[in-house]
Amino acid sequence: MTATNQLKVATFNLYNYLAPPDAFYDFQRIYSAEQWAKKQRWLADYLHNQQPDIIGFQEVFSIDALKQQVNDAGYAHFAVVDEPSVIDEFIYRDPVVAIASRYKIMALTEVEPDPHYAQQMGLVGEFCYSRRIIRATIDVPHIGYVDCYVVHFKSKRSLLNSVEDNSKTEEQNLLLQLKDQVAGRWASSIQRGSEAALLLIEIINRKSQTDNPVIVMGDFNNELHDGVLNHLITDSLRFTASRHSKAFTAKYALQDSWQLYQRHVVTDNEREATHYFGSSSSVFDYILLPREFDAGFQGSFYEVIDYHTYDQHLINPQFAYDDQSTDHGVVMVTLALRS
């Protein structure tokens with residue numbers, strides 16, 4: 001277990017964590033007993049070797065199995081706010097996020113989007129997050145209650161599915177698919193960006209009421225500094241002229257933990273990607289922190305002393321061990337109590 005003068009926080013996309021004999025997405029996708037044992041062993045090894053204190057999980061289907069596994073690894077506190085969808089009795093869809101902690105979860109809620117702001121943003125109907133977001137208030141040593149948010153924003157996969165029309169020519173069908181892809185991918189971007197904006201509004205609202213420090217962790221399915229998501233970094237906001245605006249913004253600002261690490265630790269390390277698709281690589285998995293974890297803020301409690309992306313299974317996989325692991329790198333930050 002981590003020394004109490006340090007706090008380790010990780011975000012971990014489990015990639016289809018579903019115990020057999022149930023299937024994920026279609027009836028053919030079922031782990032064998034051996035594959036499932038390997039997947040659980042890989043997770044167990046990560047927890048044992050890396051020793052995070054708080055972990056945000058994505059792509060959870062088997063909630064009870066994960067709860068038992070993390071409990072066996074020393075995480076007495078575990079929570080979800082949703083359940084996956086089940087069709088045809090054994091085919092699972094819509095995995096959920098979860099949180100596990102060595103420290104007590106004092107309160108738990110599902111984050112609800114503000115309907116007023118959703119309407120102001122031009123979102124039609126009742127807006128819903130593509131995956132429900134957890135807010136777990138955890139009693140962390142030395143700092144007290146911390147609001148931990150676990151997210152899995154909408155993927156870049158098109159929201160529109162093209163259906164081939166046999167009455168049309170091949171060229172006409174290809175043209176339709178092209179237009180559907182353009183519209184569908186932008187629709188996904190709108191959903192993802194709207195999720196981030198509405199989450200940030202709820203974080204600001206909550207912090208204004210409680211002044212609790214915040215940790216946001218998860219699979220963002222997008223580069224953070226891309227225009228779709230960069231409003232999460234609240235330093236990008238602009239106020240009308242006021243001598244108090246900078247200090248006011250700083251109270252609510254979220255920062256990329258990698259940037260905090262780079263700012264206060266002398267290192268030439270480059271940031272590792274957390275997801276690979278074909279020949280391209282991206283950072284999709286993030287941990288965002290407020291000024292309470294920034295050594296540049298005089299009143300901070302902790303500072304970021306390490307940032308680690310566990311990615312050997314992606315860049316140099318050992319098939320016999322890694323073949324049932326995950327398609328994401330696992331990001332963990334180590335926070336140390338300031339002296």
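1. In this predicted model, Lys 207 and Glu 292 form a salt bridge, with the closest N and O atoms 3.0 Å apart. Lys 207 belongs to helix H4, whereas Glu 292 sits in the loop between strand S15 (285-289) and strand S16 (302-310), so the bridge ties together parts that are 85 residues apart in sequence. Lys 207 counts as buried at 4% relative accessibility, and Glu 292 is buried too, at 8%.

2. Lys 207 and Glu 292 are also members of a network of salt bridges that includes Asp 211 and Lys 251. Over the whole structure, the search finds eleven salt bridges.

3. Helix H4 (residues 170-210) also contains Arg 206, whose side chain meets that of Asp 147 in a salt bridge of 2.9 Å, N to O. Asp 147 is in strand S10 (residues 144-152), and the two partners are 59 residues apart. Both are buried.

4. Arg 132 and Asp 82 pair at 3.6 Å between the closest N and O atoms. Arg 132 is in the loop between helix H3 (115-120) and strand S9 (134-140), and Asp 82 is in the loop between strand S4 (77-79) and strand S5 (85-87), 50 residues apart.

5. Helices H1 (residues 33-50) and H2 (residues 63-72) pack with axes 10 Å apart, at an angle of about 40°, which makes H1 oblique to H2. Their crossing is right-handed. The contact involves Trp 36, Gln 40, Leu 43, Ala 44 and Leu 47 of H1, and Ala 65, Leu 66, Gln 69 and Val 70 of H2. By class, seven of the contact residues are nonpolar, two are polar and none is charged.

Terms used:
Residues are numbered from 1 along each chain as its sequence is written. This is a predicted model: local features need pLDDT of at least 70, side-chain atom pairs count only at pLDDT 80 or more; totals for chains, interfaces and linings use all residues. Side-chain values use heavy atoms; hydrogens and water are left out. Axes are lines fitted to C-alpha atoms, for helices over the stretch in contact, and angles run from 0 to 180 degrees between N-to-C directions. Helices (H or I, at least four residues) and strands (E, at least two) are DSSP runs, numbered from the N terminus. Angles under 35 degrees count as roughly parallel, over 145 as roughly antiparallel, 65 to 115 as roughly perpendicular and the rest as oblique. A crossing is left-handed if the near helix is turned anticlockwise from the far one by less than a right angle, and right-handed if clockwise. Contact means heavy atoms within 4.5 Å. Ala, Val, Leu, Ile, Met, Phe, Trp, Tyr, Cys and Pro count as nonpolar, Asp, Glu, Lys and Arg as charged, and the others, Gly among them, as polar. A salt bridge is a side-chain nitrogen of Lys or Arg within 4 Å of a carboxyl oxygen of Asp or Glu. Buried means under 20% relative accessible area, exposed over 50%, partly exposed in between (1.4 Å probe, protein chains only).
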